[in-house]
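This report describes how the two chains of the model pack against each other. The sequence and structure are shown first.

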Amino acid sequence: MHIPDGYLSPSTCAALYGASAPFWYAALRRMKAALATRLVPLLAVMAALSFVIMMFNLPLPGGTTGHAVGVGIAAIMLGPWASILAVSIALAIQAVFFGDGGITTLGANCFNMAIVGSLVAFVVYRLISGRAPLTSSRRVLAAALAGYAAINASALCAAVEFGIQPIYFKDATGAPLYAPYPLSIAVPAMMIGHLTFAGLAELVLSGGVVAYFQRTNPGLLKNSAPVDMVVEEGRADPRGFQALRPLWIALALLLVLTPLGILAAGTAWGEWSARDFASQKVRVKIAEASRDAAPPDGAPQGLARLSALWTAPFPQYAPPFVRRPALGYLLSAMFGCGAILLVSLIAGSLATRARGRPYELS
Amino acid sequence: MNFLERTLAGFLTALEQSLDAEDLARRQGLLQHVDPRIKVVGIAALVIAASTAHKLWVIAAIFAIALLLAVASRVSPFLLARRVWLPVLFFTGVIALPAPFVIPGRVVCTVPGLDWAATAQGLKSAAYLITRVESAATLSVLLVLSTPWNRLLKALRVLRVPVVVVAIVGMAYRYIFLLLDGAREMLQSRRSRLMGPLPGPDYRRMAAASVGVLMSRTLQLGGEVYSAMLARGFQGEVYMLDEFHTVASDWIVLGVFAALTAAAIYYGR
């Protein structure tokens with residue numbers, strides 16, 4: 001799971017550092033608001049703990065052993081934002097001082113394990129545990145499944161990162177430069193191991209630790225319980241836009257940068273329309289992109305039949321009433337994001353009504 | 001070796017590696033004399049050059065440079081072989097092994113009896129992966145083996161890592177050993193009370209309880225450390241003394257690193 005240097009291209013590494021940065025920033029802001037001057041010592045010891053948890057060797061049913069990453073239990077016990085920072089720091093120490101995971105791939109490892117892992121674990125735990133009492137066995141089940149889901153989500157991210165390498169990065173002879181296997185091999189190869197052994201290690205540890213705290217000190221499970229189940233006084237509690245400001249800013253920045261897509265030369269392989277097969281100019285481009293394999297004389301029957309089913313309102317990211325392509329890209333991006341946000345708000349509102357009261361990420 | 005002993009062995013290996021690194025960092029060698037900031041920048045640049053190279057001979061040349069640096073810094077190639085080359089070869093080798101038979105391309109040979117065809121592109125792709133990972137890992141380990149950890153952390157400031165993050169990583173690194181030692185004592189005391197191997201379910205319960213106890217201790221420790229910091233006048237601001245001073249030889253080393261990186265990027269295109 002710890003991706004070493006050399007498996008991912010520098011541009012993939014840079015993109016994943018970029019994708020992780022807003023989460024680190026948001027997590028640091030939230031933690032600073034919650035902990036103030038206690039931030040430095042508490043995060044330091046939490047990161048040290050994450051490191052030590054990763055070293056526990058667990059016997060698994062079936063006679064094998066496995067290491068847990070501990071991201072599930074970190075997210076449940078510390079909350080997702082503290083978990084993002086603590087696991088990221090533990091991963092940085094592993095990479096720099098112990099050579100476990102690469103330096104150029106640190107952003108990718110943090111994105112997969114610390115960020116995706118923490119958020120998935122927390123959401124799954126909250127969804128399954130619901131409003132169950134802190135000592136309920138439902139919380140043990142929720143923690144176990146949260147750890148299992150978190151490690152598998154992280155593995156899926158890593159598999160996709162591996163799988164896209166041979167698509168985009170090859171040398172002049174066609175040999176893959178980095179992780180060599182396509183998605184069709186990388187995804188099953190990673191997921192089989194994680195859906196079975198590695199996932200079980202995380203499941204056992206997360207469920208076991210929550211069961212331990214239920215017996216000894218249930219109060220420590222308050223961090224990941226719904227806000228209205230826990231009375232916390234004097235705690236800074238940023239909400240709404242304020243809490244997610246860095247992510248909104250990152251989204252706005254990405255929207256502004258969407259016209260950069262126009263700079264990409266050629267056509268995206270496989271994203272051809274039925275009309276493209278009739279155009280001599282596009283046929284030449286298709287052949288170039290397909291290692292000089294000639295495209296069929298006409299559009300494939302299935303493509304021709306199904307392409308008439310739905311006509312996109314903004315074909316090629318260019319609404320018909322806009323003449324400048326850059327503006328078209330921007331409008332399409334705004335429309336797409338707006339539609340996703342609208343659907344999310346409606347889903348959130350329906351979920352709130354069903355539950356009676358919203359949950360608050362700690 | 002059972003699970004308890006395997007976990008204990010893991011803890012001891014981490015402690016041993018850290019002590020080895022501190023011992024090597026104190027030796028008289030080429031990299032040990034270089035300003036840590038220049039080492040961080042130079043070695044990171046070479047790792048990036050190894051990652052960007054599209055030619056096998058360029059990656060192999062970077063590996064040779066790493067080997068020369070190791071010898072000049074009195075880091076034994078046997079230590080590197082034990083700590084880096086063999087584990088990387090085993091791990092990445094297993095991953096790269098099917099590549100010659102899976103990646104499509106020009107067939108260069110066939111495995112007798114099995115009818116498996118190895119392609120030139122597949123072999124090259126496996127070679128890219130292994131040489132790249134070996135080179136980058138050797139360079140990264142050299143940085144750690146030639147620099148005391150506290151100076152290495154301070155040197156990260158040159159990469160614009162915020163001072164508060166450097167302070168947190170530094171404290172975390174220190175407390176890792178305290179917690180590792182606590183965990184080791186817990187497991188050791190349990191092992192000393194065992195007459196035979198612990199059944200799997202019991203061991204799983206024990207491991208979960210150990211992690212739970214460590215977590216409780218950690219939260220308590222965080223409070224104690226905070227109180228101690230407050231007692232010494234901590235008000236939330238982190239200051240760090242940057243006691244680095246570059247000399248002429250450091251700038252020469254930086255120039256050499258820059259030239260090697262530029263050459264690797266130019267010829268590796």
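In this predicted model, Ala172(B) is in contact with Ala44(A), Ala47(A), Ala48(A), Ile89(A) and Ile93(A), leaving aside its neighbours within four places in sequence. Together with Leu43(A), Ala172(B) has the most contacts inside the largest nonpolar core, a set of 171 residues. Helix α6 of chain A (residues 137-168) provides the largest share of this core, 16 residues.

Between the chains, 67 residues of chain B are in contact with 56 residues of chain A. On the side of chain B that touches chain A, α1 (3-25), α2 (36-52), α5 (99-102), α6 (120-145), α8 (163-191) and α9 each supply at least two residues. The largest share of that side, 18 residues, comes from α9(B).

Helix α9 of chain B (residues 200-231) packs with helix α7 of chain A (residues 183-216): their axes come within 8 Å and cross at roughly 65°. An angle from 65 to 115 degrees counts as roughly perpendicular, and α7(A) and α9(B) are therefore described in that way. Their crossing is right-handed. From α7(A), the residues that meet α9(B) include Val204(A), Leu205(A), Gly208(A) and Phe213(A); among their counterparts in α9(B) are Arg204(B), Arg205(B), Ala208(B) and Val211(B).

The composition by class is listed below.

Note on methods
Residues numbered from 1 in each chain as written. Chains lettered and ligands numbered in written order. Predicted model: local features only at pLDDT ≥ 70, side-chain atom pairs only at ≥ 80, totals over all residues. Core = buried A, V, L, I, M, F, W, Y, C linked by C-beta atoms within 7 Å. Buried ≥ 20, exposed ≤ 12 C-beta atoms within 10 Å, placed from the backbone. Helix = DSSP H or I, 4+ residues; strand = E, 2+ residues; numbered from the N terminus. Contact = placed C-beta atoms within 7 Å. Axes fitted to C-alpha atoms, helices over the stretch in contact; angles between N-to-C directions. Parallel < 35°, antiparallel > 145°, perpendicular 65-115°, else oblique. Left-handed = near helix turned anticlockwise from the far one by under 90°.
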